[in-house]
Amino acid sequence: MSLKDFKKINKTDIANGTDALEIEDLSVTRDICTDISKKDISDKTASDNASIKPVQVQNEAEEDDEPDEYAENHDEIAKLKAAQEAASASGPNGQVVYIPKEHIGELPLLELHDIYKIYKMGSEEVHANDGISINIYKGEFVAIVGKSGSGKSTLMNIIGALDVPTSGRYLISGQDTSSMKDDELAAIRNKKIGFIFQQYNLLPKDNLLDNVCLPLLYAGVPKHEQKERAMRQLERVGLSDKWMQKPAQLSGGQQQRVSIARALAGDPELIIADEPTGALDSKTSRQVLGFLKDINQDGNTVVMITHDNSIALEAKRIVRISDGKVVYDGTAEDYAKLI
Ligand SMILES: Nc1ncnc2c1ncn2[C@@H]1O[C@H](COP(=O)(O)OP(=O)(O)OP(=O)(O)O)[C@@H](O)[C@H]1O
Ligand SMILES: [Mg+2]
């Protein structure tokens with residue numbers, strides 16, 4: 001669906017009520033995600049290309065010594081796995097799933113039980129997620145970290161109710177999503193999840209207020225209430241005075257703050273941030289991470305996907321994945337000691 005079509009639907013649906021929007025949401029969300037995947041691929045290609053430097057013959061040895069940022073660090077993984085095994089063995093009943101001590105006895109907000117996502121490529125099978133079990137509790141700030149190809153986006157799609165696993169069970173506040181149909185998954189996303197994307201995904205022709213109103217429009221909130229609630233979120237990220245501006249008139253960091261406001265507008269149970277600082281310089285990244293920490297302090301549950309350990313360390317808890325498997329799940333503090 002093109003943006004033009006999307007806006008046309010928006011306008012019709014504002015006039016006609018919101019039923020059609022709920023149905024449309026799936027394709028819109030999927031389009032947004034498809035766009036992101038395409039963007040990710042082109043970004044990755046661009047960064048791959050950027051990292052290819054003209055090689056002079058006399059520099060060949062030097063070039064070989066350069067660390068490959070996409071390669072897995074096997075020593076680090078072995079250390080993390082050993083620490084994880086020791087922790088599980090000493091846990092109650094040899095528990096295999098990590099439970100932060102402040103959440104022992106609580107029902108998890110998100111429960112992933114032995115999640116597999118297997119892609120068939122001709123006769124080959126790719127185990128993008130290979131038996132992942134994680135519990136995430138209300139109020140946590142969890143970073144999912146791993147190298148390129150480790151299975152983060154696959155896992156994010158499942159956690160974000162954008163896709164279902166090949167096998168295993170995934171429950172959001174006790175509700176099993178594993179065998180849900182597309183429209184049921186769309187309803188879960190609408191009600192329970194706010195998304196923050198690397199490329200912000202703001203609608204370029206809409207002003208900031210209308211962008212932040214979007215999830216409220218989907219949720220069928222009355223129009224006057226939409227504006228009021230959206231403005232409150234813009235205030236929260238310090239951009240209420242710019243509500244009439246278009247996204248292109250803002251810096252990258254400001255656009256990401258708008259997307260944080262949009263993610264919060266529907267008061268979702270879960271905020272998922274996919275590489276939220278991937279397109280930002282380090283100073284702006286810190287600011288955006290500061291906002292994520294603030295919203296977590298206010299009681300929101302945040303799951304952040306990143307390939308960067310230094311970004312992951314800003315979370316309270318870290319889940320490291322490698323080859324589709326969890327190799328570490330524990331506090332950021334303990335993780336910092338192991339890497
Ligand atoms: N639709 C698909 N069809 C086939 N293989 C896939 C598909 N999606 C992902 N994969 C494979 O699954 C594995 C995990 O991919 P995924 O996109 O989850 O990795 P990632 O950790 O998000 O990587 P990156 O940091 O590069 O975004 C990779 O080997 C990838 O090639
Ligand atoms: Mg990815």
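I272 stands opposite V303 in strand 8. This is a predicted model, in which local features need pLDDT of at least 70, side-chain atom pairs count only at pLDDT 80 or more, and totals for chains, interfaces and linings use all residues. Residues are numbered from 1 along each chain as its sequence is written, while chains are lettered from A and ligands numbered from 1 in the order in which they are written. Helices (H or I, at least four residues) and strands (E, at least two) are DSSP runs, numbered from the N terminus.

Strand 7 (residues 270-274) runs parallel to strand 8 (residues 301-306), joined by five bridges; two strands pair if DSSP finds at least two bridges between them. Five bridges also link strand 7 to strand 6 (residues 193-197), again in parallel, and there I193 has L270 as its bridge partner.

## Buried pieces

Five of the five residues of strand 7 are buried (20 or more other C-beta atoms within 10 Å of the residue's own, with C-beta atoms placed from the backbone). L270, I272 and D274 point one way, and I271 and A273 the other way.

Helix 5 (residues 152-159) is largely enclosed by the rest of the structure, because eight of its eight residues are buried. Among them are K152 and N157. Just after helix 5, A161 takes a positive phi of about 55 degrees.

## Two helices side by side

The axes of helix 9 (residues 252-265) and helix 10 (residues 282-297) come within 9 Å and cross at roughly 15 degrees. Therefore helix 9 is roughly parallel to helix 10 (angles under 35 degrees). These axes are lines fitted to C-alpha atoms over the stretch in contact, with angles from 0 to 180 degrees between N-to-C directions.

Technical notes
Angles under 35 degrees count as roughly parallel, over 145 as roughly antiparallel, 65 to 115 as roughly perpendicular and the rest as oblique. A residue is buried if 20 or more other C-beta atoms lie within 10 Å of its own, exposed if 12 or fewer, and partly exposed in between; C-beta atoms are placed from the backbone.
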